Amino acid sequence: MTASAPAEAILRTDGQWLVMQHMEENRSTVVNLATGATESVDLPTQAIVVGWR
């Protein structure tokens, strides 16, 4: 993972996944906290990440 603009983080209630929505980059990063695996997802300009729990 690279350094980037501030992000809003959402932790799933099961404590296994963390989703970070990067404020100025139109992308989110999903982190599997059990394995450390990450995946970066490009979002459409108007996308809003909600309720991912």
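Is Thr-35 buried or exposed? Hold on to that one for a moment. We'll get to it by way of the strands.

First, a caution. What you see is a predicted model. The mean pLDDT of the chain is 78. Of its residues, 72% reach 70 or more. Strand 1, residues 7-11, has the lowest, with a mean of 81. Strand 4 has the highest, at 90.

Now the overall layout. The chain has four strands and zero helices. Walk along the sequence and you read β-β-β-β. There are 53 residues, and 23% of them count as buried. The chain exposes about 3800 Å². Carbon and sulfur atoms supply 52% of that area. What about contacts across the sequence? Take the contacts with a separation of 6 or more. Residues 24 or more positions apart account for 17% of them.

Let's go to strand 3. Strand 3 covers residues 27-32. How many of its residues are buried? Six of the six, so strand 3 is largely enclosed by the rest of the structure. Look at both faces. On one side sit Arg-27, Thr-29 and Val-31, and they are buried.

Which strands does strand 3 pair with? Take strand 2 to begin with, residues 17-22. Six bridges join strand 2 to strand 3, and the two run antiparallel. Find Gln-21 on your screen. Gln-21 stands opposite Ser-28 in strand 3. The two strands form a hairpin, with four residues between them. In that turn, Asn-26 has a positive phi of about 50°.

Now strand 4, residues 38-42. Five bridges join strand 3 to strand 4, again antiparallel. Arg-27 stands opposite Asp-42. Val-30 has Glu-39 as its bridge partner. Here too there is a hairpin, and five residues lie between the strands. Gly-36 in this hairpin takes a positive phi near 85°.

That brings us back to Thr-35. Thr-35 is found in the loop between strand 3 and strand 4. Its relative accessible area is 59%. The cut-off for exposed is over 50%. Therefore Thr-35 counts as exposed.

What does the Thr-35 side chain reach? The backbone nitrogen of Ala-37, at 3.2 Å. Thr-35 is also on the receiving end of a contact. The side chain of Asn-32 reaches the backbone nitrogen of Thr-35 at 3.1 Å. The C-alpha atoms of Thr-35 and Gln-16 are separated by 9.0 Å. Along the chain, those two are 19 residues apart.

Stay with Asn-32. Asn-32 lies in strand 3. Why does Asn-32 count as buried? Its relative accessibility is 9%, and buried means under 20%. Now leave aside its neighbours within four places in sequence. Asn-32 is then in contact with Gln-16, Trp-17 and Ala-37.

Trp-17 lies in strand 2. Its relative accessible area is 27%, so Trp-17 is partly exposed. Compare its position with Ala-37. Trp-17 and Ala-37 are 20 residues apart along the chain. Their C-alpha atoms are separated by 9.9 Å.

Last stop: charges. How many salt bridges does the structure hold? One. Asp-14 forms a salt bridge with Arg-12. The closest N and O atoms of the pair are 3.2 Å apart. Asp-14 is partly exposed, at 42% relative accessible area. Arg-12 is partly exposed as well, at 25%.

To recap, then. Strand 3 pairs with strand 2 through six bridges and with strand 4 through five.

Terms used
Residues numbered from 1 in each chain as written. Predicted model: local features only at pLDDT ≥ 70, side-chain atom pairs only at ≥ 80, totals over all residues. Heavy atoms only, no water. Pairing = 2+ DSSP bridges. Buried < 20%, exposed > 50% of the residue type's maximum accessible area, 1.4 Å probe, protein only. Polar contact = N/O pair within 3.5 Å; in protein donor to acceptor, adjacent residues only side chain to side chain. Contact = heavy atoms within 4.5 Å. Areas by Shrake-Rupley, 256 points an atom, 1.4 Å probe, with all protein chains shown as cover. Salt bridge = Lys/Arg side-chain N within 4 Å of Asp/Glu carboxyl O. pLDDT = per-residue confidence, 0-100.
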